[in-house]
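Work through the exercises below with the structure on screen. Try each task before reading its solution.

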Amino acid sequence: MPKTLIEPFRIKSVEPIRMTTRAERERCLEEARLNVFKLRAEDVLIDWLTDSGTGAMSSRQWGAIMEGDESYAGARSFYRLEKVIQDLTGMRHFVPTHQGRAAEKVLFTAVCKKGDLVPSNCHFDTTRANLEYLGVEAVDRVIAEGLQPALVHPFKGNIDLARVEALLRKEGHRIPFGMLTVTNNTGGGQPVAMANIRAYAALLKKHGKPFIMDVCRFAENAMFIKMREPGYENTPIRDIAREMFSYADGATMSAKKDGMVNIGGFIVLRSDEWLDAVRNDLIMMEGFPTYGGMAGRDLEALAVGLEEGIDEDYLRYRLRTAEYLGERLEANGVGFVKPTGGHAVYIDARSVLPDMPIAHYPAWALCNALYLEGGIRGVEVGSVMFGRRLDDGTETYHAMELVRLAFPRRMYTQSHFDYAAEVIAEVKQKAGQIRGVKIARQPRFLRHFTSEFDWV
Ligand code: F0G
């Protein structure tokens, strides 16, 4: 058997991308005030800002789009998707929303109250923000290994059971449910082991707490279990996914990831207990229960996408692309979060720019350098995203300076990855010329999206 893992699809429809000159990119970045979020996507050659809603749909999905039933109530498309989701998750109730954060908002508004506390391995930004907005404390309890970028561990997304148990003992009265993010995006797209999911579920049950999973990358997590957890080598992905869901009482999903669609999300619930409250909030915030925040055609595309997202050949290729880029970085002495995750590679900016002071935001500087060198757009996960300017004018900094390169699904081929590896190596060679930045203007919250910068 040849060892090369190929893209398990061929291309039917193409979208040109445009190579720009260095002078053009310099001008574009200046106009964007040195913030890649403000670039026009047309001026980006390889857009690895996010894997969310950015992937390519299949010809089967585009075909299904024409089948969309746009009836306000009781659309055929709803029942079709409901059946796919019930079969995959084993949960009775499916509540459609327009994306993941809407699922979070609807669920949390229905079941949380001020003063509550919700533990997870790591809450994603919007999950944390939705909880905190309601006055709920969002607590991260990922295992210690999950916070060390260079350390290799098969399941760095695992939750620390001993520390969660301590939390359940001490703060149990404040905890309405426990959460778990699979894969753990904030911690580098790292998977959670089945054994950990099972044990966490048992622990929550012992304390009488429901278990809600954030499952936007459940299929990638299932594939990691198949490849890394003894006993699952021969289990079909669908069965692994079903077992993962079997331990939970409910889940929130951003379908823009492993749902293989450009927009969509949902809540699933096993019991009736929260259903009325959730549906009431849904009607107010999103729409009638048989479409939520989605058009009938989106429901159809998702029904097909959920099946394609658990295809094993696809998933093997998917995880291999991240691993492949990791191997190329390793060969060039570029540090990154190890092992590579499911949807992204996180470059350790300090390994490329060891001499740049933290106050010059090395990960932000590297992000800009990747764009200037090769038209690649990633996202800073460092002190611009997580640091803060305090009222007295001093700055706080983040423990890690990372650049996330997140891969849209079924979109870029191996030569795009080879090209990116070359650009990153080139940038490392020129590290001495890379300029740091200072913040010229910033909003109070979520400053990375809109801040403006000057060169140091
Ligand atoms: N949960 C996780 C783990 C996520 O990664 C995201 C989105 C959400 C929830 C929210 O879903 O975007 O559909 O509202 N992550 C994207 C990213 C934005 O770039 O990682 P959404």
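**Exercise 1. Find how many bridges join strand E11 to E14, and in which direction the two strands run.**

Step 1: Locate E11 at residues 379-381. Strands here are DSSP runs of at least two residues, marked E, and helices are runs of at least four, marked H or I; both are numbered from the N terminus.
Step 2: Count the bridges. E11 and E14 are joined by 3 bridges and run antiparallel. Two strands pair if DSSP finds at least two bridges between them.
Step 3: Pick out a facing pair. Glu380 stands opposite Val403 in E14.

The model is predicted: local features need pLDDT of at least 70 and side-chain atom pairs pLDDT 80 or more, while totals for chains, interfaces and linings use all residues. Residues are numbered from 1 along each chain as its sequence is written, and side-chain values use heavy atoms, without hydrogens and water.

**Exercise 2. Find how many bridges join strand E9 to E14.**

Step 1: Go to residues 344-348, which form E9.
Step 2: Here 5 bridges link E9 to E14, and the strands run antiparallel.
Step 3: Tyr346 faces Arg404 of E14 across this pairing.

**Exercise 3. Decide whether the residues of E14 are buried or exposed.**

Step 1: Set the cut-offs. Buried means under 20% relative accessible area, exposed over 50%, and partly exposed in between, with a 1.4 Å probe and protein chains only.
Step 2: Check residues 402-406. 5 of the 5 are buried, so E14 is largely enclosed by the rest of the structure.
Step 3: Recall the pattern. In a regular strand, side chains alternate between the two faces of the sheet.
Step 4: Sort the residues. Leu402, Arg404 and Ala406 lie on one side, Val403 and Leu405 on the other, and all are buried.

**Exercise 4. Describe where Met194 sits and which residues Met194 touches.**

Step 1: Find helix H7, residues 194-206, which holds Met194.
Step 2: Read its accessibility. Met194 has 0% and counts as buried.
Step 3: List contacts (heavy atoms within 4.5 Å). Leaving out residues up to four places away in sequence, Met194 touches Ile225, Glu229, Tyr232, Ile240, Glu243, Met244 and Tyr247.

**Exercise 5. State how many helices and strands the protein has, and what its radius of gyration is.**

Step 1: The protein has 17 helices and 16 strands.
Step 2: Its radius of gyration is 22 Å, close to the 23 Å of the globule rule for 456 residues, so the protein is as compact as a globular protein of that length. The radius is taken over C-alpha atoms, and the rule is 2.2 Å times the number of residues to the power 0.38.
Step 3: Of the 456 residues, 58% count as buried.
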